[in-house]
Amino acid sequence: MAELSGAEIGLAVSVFLACTVEAVEALTIVLAMGTTRSWSSAMSGVGAATLALAAIVAALGPALTALPIGVLRVVVGGLLLIFGLQWLRKAILRSAGLKAKHDELEIFREEAETARALGGKPAGFDAYAFTISFKGVLLEGLEVAFIVLTFGANQKHVALAAVAAAVAVLVVIAAGAAARAPLARVPENTMKFAVGVMLSSFGMFWGAEGAGANWPGGDAALLALIPGVLIAANAIVWMLRRAVPVAGVEQPAPVEAGEPAGVSA
Amino acid sequence: MSRVQAFFSAVWDFVVGDDWRTALGVVLALGLTALVAETSVAAWWIMPLAVLALLALSIRRAARGATRSG
């Protein structure tokens, strides 16, 4: 087996983590539909969405890899960076307690309750279970397809990215089948944080290269960029925790100029 | 909203997300990198600085007036 370069390992890890997170979210929706409505219809929805995603990757993959490398890098780098900063921003806000974390059990309960409230489970094909499962898998999968395509095309290794995504899906399906419940204990935000760091770092690296910049040390610059982004993101979380007040905790009133602290009028 | 409008709106939401200023900042930083790369001055440092600034500003906008859970 050919040895993988550092960038290729980064590609595989990023795609695996991103795909795991999205697969966990999709699994919650499918489980809710399967247990409350119809497993066969929910699984038909999953199959149809998987085919749609495969078609998107198959159609856009060759088109992207046909682009000249300079254009590809600046376009893909820019898109990855925009995407990565979105992931990182949300992960930072969640880590700092400014945004609610994904609660798979709560989402499962809500989806199941809505499905039960509709009542009238049909004997045959259940259009509701099919549609909700299809939409859930397609929407969660689109982000992964985008990452697989952009990362893979840039490294000329769409197959490696697709394999990493497929392994992630299989791991999540196996864990879901074993647990027979939403995977609430997966550290989703930590994984999203890691994906945000990786996408932002690779996006910055490729985008600048595509725009004509030369990184000191070439590919080795990634060894500074990835920890650099990670440290900056953690520093922002630390500052937010110190600066933003906790909900429900009364803040001390500002001290008037000329008034000694701790003395009330 | 027509189907075409809905399609472009979905693409916009998917790519740009809920902070268009960050997306615009990335495009401008890449443009500046390309301009500086044409000169004899090193251009690699522009993107890390831009990313740090864009991330900090985006978080600042999101955190303005917010409180956090315990």
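Reply: Helices here are DSSP runs of H or I with at least four residues, strands are runs of E with at least two, and both are numbered from the N terminus. On that basis chain B of this predicted model has 3 helices and 0 strands, in the order α-α-α from the N terminus.

In chain A, a helix pair can be followed in detail. Two packed helices are described by the angle between their axes and the distance between the axes. Helix α1 (residues 6–36) of chain A packs against helix α7 (residues 188–210) of chain A at about 140°, with the axes 9 Å apart. Because of that angle, α1(A) is oblique to α7(A). The crossing of α1(A) past α7(A) is left-handed. Residues of α1(A) that meet α7(A) include A:Gly10, A:Leu17 and A:Val24; on the α7(A) side, A:Met191, A:Val195 and A:Phe202 are among them.

As for confidence, chain A averages a pLDDT of 84, and 92% of its residues score at least 70. Helix α8 (residues 222–243) of chain A has the highest mean, 93, and helix α4 (residues 104–118) of chain A the lowest, 83. Over residues 254–265 of chain A, pLDDT stays under 50, and the model has 1 contact beyond four places in sequence for them. Where pLDDT is low, the predicted coordinates should not be read in detail.

Technical notes
Residues are numbered from 1 along each chain as its sequence is written. Chains are lettered from A and ligands numbered from 1 in the order in which they are written. This is a predicted model: local features need pLDDT of at least 70, side-chain atom pairs count only at pLDDT 80 or more; totals for chains, interfaces and linings use all residues. pLDDT is the predictor's confidence in each residue, from 0 to 100. Two residues are in contact if their C-beta atoms, placed from the backbone, lie within 7 Å. Axes are lines fitted to C-alpha atoms, for helices over the stretch in contact, and angles run from 0 to 180 degrees between N-to-C directions. Angles under 35 degrees count as roughly parallel, over 145 as roughly antiparallel, 65 to 115 as roughly perpendicular and the rest as oblique. A crossing is left-handed if the near helix is turned anticlockwise from the far one by less than a right angle, and right-handed if clockwise.
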